[in-house]
There are 2 protein chains.
Amino acid sequence: MKRKNAIVGQSGGPTAAINATLAGLIRAALAADGIDLLYGMQHGIEGLLEGNTVVLNTLFSDSEKINLLAQTPAAALGSCRRKLPDPHGETCVFEQLFAIFEEYEIGYFFYIGGNDSMDTIQKLSEYAEAHDIHDICFIGVPKTIDNDLVMTDHTPGYGSSAKYIATSVAEIVRDCAVYTVPAVTIVEIMGRDAGWLTASAALAGRICGQGVDYIYLPEADFSDARLFEDIEKALAVHPNVVIAVSEGLRYADGIYVGEAGQNGVFDAFGHRYLSGVGKVLEQKIRDRFGCKVRSVEINILQRCAAHLLSATDIHESLQTGANAVCAALSGESGVMICMRRKSGALYQTEFFCAPVRQIANKIRKVPAEYQNKQKNQVTEDCMDYMLPLIQGEFPLCWKNGLPVHFVLK
Amino acid sequence: MKRKNAIVGQSGGPTAAINATLAGLIRAALAADGIDLLYGMQHGIEGLLEGNTVVLNTLFSDSEKINLLAQTPAAALGSCRRKLPDPHGETCVFEQLFAIFEEYEIGYFFYIGGNDSMDTIQKLSEYAEAHDIHDICFIGVPKTIDNDLVMTDHTPGYGSSAKYIATSVAEIVRDCAVYTVPAVTIVEIMGRDAGWLTASAALAGRICGQGVDYIYLPEADFSDARLFEDIEKALAVHPNVVIAVSEGLRYADGIYVGEAGQNGVFDAFGHRYLSGVGKVLEQKIRDRFGCKVRSVEINILQRCAAHLLSATDIHESLQTGANAVCAALSGESGVMICMRRKSGALYQTEFFCAPVRQIANKIRKVPAEYQNKQKNQVTEDCMDYMLPLIQGEFPLCWKNGLPVHFVLK
């Protein structure tokens, strides 16, 4: 087999596991016969367009560094949110990119990211196909805490975030339980369109059986009136009501609940920039019930809290990276690495490739059967789906009382 | 020695270590010859006044439960914020309390809490002295994440919060480093009058040398103009500026920076209810620099994140509880258990008792020499003071992928 060079980039929002996927990919690529140099693009394709690359072979010749990389949060190579244009329209940027590929003698292109990164893989594949370029494999490598990619059972990164959210929510529930004064605590959790992260708050109930009172996902239309009814019921039973809400809650007319606290900023992919549903509901509940109300926005900690990693998630992330290299070497292109659960009582996953055109720009939401009829809790089936993903505590390397991070200088 | 009964309560804001102190106290009291029954007051003196108590001897006959208690965040016995009146004035509530002590045959009264709880110990001692009651020992047992009690080198609970803050801030710094677009991230940290918690953000720099750009403590007058100057300088060097601010920042005229976002609510002790300095500064920086600005409020997670405990802190918390029992049995009263560092290169502490009248209602602030001249960073001396307190990771008992909590039913 002719040896070719490979390049890998990270894109989209950082997660606590995206570097583990990179670590698995580096380890496999450095050991692979068919790969000569492995380049890293710094800040995704945006950096690549500026020639901002680094040779990973020398940087990670010491395997200890790969281990540190696996426990480091956020994207070590840097990230970007650059959206490529239609490859059949304005092709200037594609010509630039493919010239760089030629210059670097790239045979394998890996992009680790979520929905928007799969859009990049899809467009690069389409452009290559339309221009009869067959000597580069484009492989999408999934990561997203949102767990919203279709075709795959779940996404690397989700398990660690879910473990952090479930643990933090359980701790918040304990914190709220100390006083006897009626109070409502709102925990605001990420998830613009899919409620997977918010759903993981339900797992807190598995710690001594005390979890949140209600969980509201973006999949169901939100209603202030029903929220007030729910809270009234809960306050009648105990004074410390805790609810988990998704940042993406919308009313039946499509208006975001958090919009009242917003100034209508959109990101490069046209997604509305959200935050503030907790603060908006805090005021509404205070006005209605006159009791103590507070909101806790878990914020970016839920995506970067690498001090509490799910061992299952990190092992799968490492394997996802390794499987990306295998897929590339076997000639796959325009695909994303997916996981499916094997049948049987024991949780086990296997990897496969799915065409990225079936994945890009699609969103896998929490299915209706994972929510109860009142749309204020998740079902046992949903718990059974999530629970295996948070199992195990990934052992970390500590120094001076703090976890050690790998930093690319 | 005649066996007497003892009673213990928890008061004030919950912490991740207050139950470890309780666990140490229970273990010592159950093993002590001089103590017969150990009662727990539920929700502090407020619960005690309603006869809301529980016998801890039977509840914790299984030592495994004491271990679980030590790793459980928040106050397992419940808390309250009840302020006692002047014991030389309105004495009705004191008569009630001392009648209860007589009924329960209490010889030792332990109150685990912060500044306000030491006020309770002080007033109970004063009342007893004024009324020639000499058969009850009143012992203050310190806990506060704020680390603001005088006489003691530091307080149980601070080390674990500092470890969580330093780790989380390091993760936030990594998260912020992934993009190239100029951005300012504000991390809002607890601490109304003392900046110890905010100062711990500096320890993040010990993880790979990359920490926050600036740290603003409530001990120094805050100035928007100087903040803008600082940020301008930092943005000239790198695009991802991260600053740590205390919730208690004030301008030279005494006005809280966070007050703009507040509605002037006060708690039972007359402390102004604060939150929102992050949001207020976020808007000001956005208006000034026009760049991306976000604020992360670590919120109650910094006081209840028991999944990341400092082993040093938990061991000292356990010892503090045990020392409270020793002090009581040796006849001390109206005192608080304090720690001092032994001299020498190796970090070691020893315990002693200090009169609670020298402690109650006083605040130990971060000394001026722990801040740099510009009042936007802490010094190496400050780092050296904090670093031993976050050492070691306390091993937890996990189940179903989550840490197990002890819950008093």
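Biologist: In this predicted model, what is the bridge partner of B:Thr185 in S9(B)?

Modeller: The partner of B:Thr185 is B:Arg294, which belongs to S9(B).

Biologist: How do you know that strand S6 of chain B and S9(B) count as a pair?

Modeller: Two strands pair if at least two bridges are found between them; S6 (residues 183–189) of chain B and S9(B) have six bridges, in the parallel sense, so by that cut-off they are paired.

Biologist: What makes strands S7 and S9 of chain B the edge strands?

Modeller: In the open sheet of four strands, with parallel pairing, the order is S7-S8-S6-S9 (chain B), and strand S7 (214–216) and strand S9 (292–297) of chain B each pair on one side only. Neighbouring strands of this sheet are turned by 20° against each other on average, with direction ignored.

Biologist: Which helices lie across S6, S8 and S9 of chain B?

Modeller: Helix H7 (residues 158–176) of chain B lies across these strands and runs at about 165° to S6(B), while helix H10 (residues 277–289) of chain B also lies across S6, S8 and S9 of chain B, running at about 170° to S9(B).

Biologist: Turning to chain A, how do you know that its radius of gyration agrees with that of a compact globule?

Modeller: A compact globule with 409 residues would have a radius of gyration near 22 Å, and because chain A has 22 Å, the two agree.

Biologist: What percentage of the residues of chain A count as buried?

Modeller: Of its 409 residues, 57% count as buried, the cut-off being 20 or more other C-beta atoms within 10 Å of a residue's own.

Notes
Residues numbered from 1 in each chain as written. Chains lettered and ligands numbered in written order. Predicted model: local features only at pLDDT ≥ 70, side-chain atom pairs only at ≥ 80, totals over all residues. Helix = DSSP H or I, 4+ residues; strand = E, 2+ residues; numbered from the N terminus. Axes fitted to C-alpha atoms, helices over the stretch in contact; angles between N-to-C directions. Contact = placed C-beta atoms within 7 Å. Rg over C-alpha atoms; globule rule 2.2 N^0.38 Å. Buried ≥ 20, exposed ≤ 12 C-beta atoms within 10 Å, placed from the backbone.
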